Amino acid sequence: EEQKRLLENRPDQPQSPKVLRIAIIGAPNAGKSTLSNQLLGRKVFPVSKKVHTTRCKAQGVITHEDTQLIILDTPGLTNPLKAKRHNLEEAMLTDPWDSMKHADLVLVLVDVSDHWTRNSLSREVLKCLSQFPHIPSVLVLNKVDKLKKKFLLLEIATDLTEGIVNGKKLEVKSAVKQDSRSSAKPLFYTPRASPPESKVPGSPFGQEKNQAQEGPGLDKSSDVGGAGTGEAQGPRHHEPEDLKDVKGWPHFQEIFMLAALRGEEVDTLKRYLLMQAKPGPWEFHSDVLTNQSPQEICDNIIREKVLEYLPLEVPYGVTQVTEIWEEGECGELLIVQSLLVPRESHKRMLIGRGGKVISRIAQEAGQDLMNAFLCDVRLKLKVEVK
């Protein structure tokens, strides 16, 4: 009821409100929901190693002083063939595009730990960017902590930007040294493309001296030369056939490198986003963290655990039905949910030997729900063949 009231009420506008709507796009499992949760400071979006955990677009809200950031956490960009294979709703194909239409800024997230995909943007991501070339975009390289050879980040960044950031061509003189100190700040070159007022302390491209490194750590004393002055052409609308041999997008305004799961460098990105906000009315009350209902958050968190503990395609056939949602005398929340599966064999898998799997799902989901709702939660799960 409280959430409903907050969403329906008029926002408590400050004197000079600023707002920024941010669409986070990328391939499935790039870490979009993990980054969204870290930016919000609370877990409201489901996270799993399995692809397509996020099934619909949901909004997260960060309110800081007079500024409101609205994060549009979208399903991973996929194509109709893959959507059919995973029995995905049609919304999973259309929601990322809808989010782009309403965005003031686009974060393109790339998983640098995946050596199969990290050196080129997916066709779906390129298609999305080329359809909305007027919307400013920022490249975010995620999971940099998992990359042992940090010098590869330079090659990845160059491939994904086609060597151009904020209209300036990159010319990098690398100073490669060995250092065992681990860091999530692989800040190794400066394109000097951003105007002085847009520089952020700690931003990869807001510093004059950065580092390059080969091996597990970074050398913090290395001097790296800046960029050249080759001007790039402005963004233009591309037709799908133009993208056949395209690997990167030469119109990113900035590049950020972070480890979302560990929260490393997320604050640097957050400061940058707050600085990009433009004057405009808030859309949500300052107490709102997400536009999702508590039931939607609950369904998503339970589903995340089911995805985590069931093999292959089995979890995608599970249907959730909430039977009881009651508040107890002491303010605790009692939730009873049935998980409907298509086959008896799936039921046995979900329950597990001695009920171990379903107990673990209920325990972990219950803990996440307590953290999300900031109250005691008693969660009971039942498994039935539908």
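**Figure 1. Leu72 sits in strand β3 (residues 67-73).** Welcome to the first close-up, taken from a predicted model in which local features need pLDDT of at least 70, side-chain atom pairs count only at pLDDT 80 or more, and totals for chains, interfaces and linings use all residues. Residues are numbered from 1 along each chain as its sequence is written, and side-chain values use heavy atoms, with hydrogens and water left out. Strands (E, at least two residues) and helices (H or I, at least four residues) are DSSP runs numbered from the N terminus. With a relative accessible area of 3%, Leu72 is buried; that word stands for under 20% relative accessible area, exposed for over 50%, and partly exposed for values in between (1.4 Å probe, protein chains only). The C-alpha atom of Leu72 lies 4.8 Å from that of Gln59, a residue 13 places away along the chain. Beyond its neighbours within four places in sequence, Leu72 is in contact with Arg21, Ile22, Ala23, Ile24, Ala58, Gln59 and Ser99, where contact means heavy atoms within 4.5 Å.

**Figure 2. Glu65 occupies the loop between β2 (58-64) and β3.** Look here for a positive phi of about 55 degrees in a residue that is not a glycine. For comparison, most residues other than glycine have a negative phi. Glu65 counts as exposed because its relative accessibility is 65%.

**Figure 3. Gln292 lies in the loop between β9 (278-279) and α8 (294-309).** Is Gln292 buried or exposed? Gln292 is buried, because its relative accessibility is 4%. One is the backbone oxygen of Val44, which the side chain of Gln292 reaches at 3.1 Å. The other is the side chain of Asn300, with which the side chain of Gln292 makes a polar contact (3.1 Å). A polar contact is a pair of N or O atoms within 3.5 Å; within protein, one must be able to donate a hydrogen and the other to accept it, and residues adjacent in sequence count only if both atoms are side-chain atoms. Setting aside neighbours within four places in sequence, Gln292 is in contact with Gln3, Val44, Phe45, Ala58, Ile297 and Asn300.

**Figure 4. Helices α8 and α10 (residues 356-373) cross at roughly 145 degrees, their axes coming within 9 Å.** The axes are lines fitted to C-alpha atoms, for helices over the stretch in contact, and angles run from 0 to 180 degrees between N-to-C directions. From α8, the contact is made by Pro294, Ile297, Cys298, Ile301, Ile302, Glu304, Lys305, Val306 and Tyr309. From α10 come Val357, Arg360, Ile361, Glu364, Ala365, Asp368, Leu369, Ala372 and Phe373. Sorted by class, this contact of α8 with α10 has 13 nonpolar, no polar and five charged residues. Ala, Val, Leu, Ile, Met, Phe, Trp, Tyr, Cys and Pro count as nonpolar, Asp, Glu, Lys and Arg as charged, and the others, Gly among them, as polar.

**Figure 5. Asp368 is part of helix α10.** Asp368 counts as buried because its relative accessibility is 14%. Which residues does Asp368 touch, not counting those up to four places away in sequence? They are Lys43, Ile301, Glu304 and Lys305.

**Figure 6. Leu374 is found in the loop between α10 and β12 (377-385).** Phi of Leu374 is positive, near 55 degrees, in a residue other than glycine. At 62% relative accessibility, Leu374 counts as exposed.

**Figure 7. Helix α2 (residues 32-40) is mostly covered, with eight of its nine residues buried.** The buried residues are Lys32, Ser33, Thr34, Leu35, Ser36, Asn37, Leu39 and Leu40. Following α2 is Gly41, whose phi is positive, near 85 degrees.

**Figure 8. Lys143 lies in the loop between β5 (137-142) and α6 (152-161).** Lys143 counts as buried, because its relative accessibility is 18%. C-alpha to C-alpha, Lys143 and Asp111 are 6.0 Å apart in space and 32 residues apart in sequence. Apart from neighbours within four places in sequence, Lys143 is in contact with Asn29, Ala30, Asp111, Val112, Ser113, Leu258 and Ala259.
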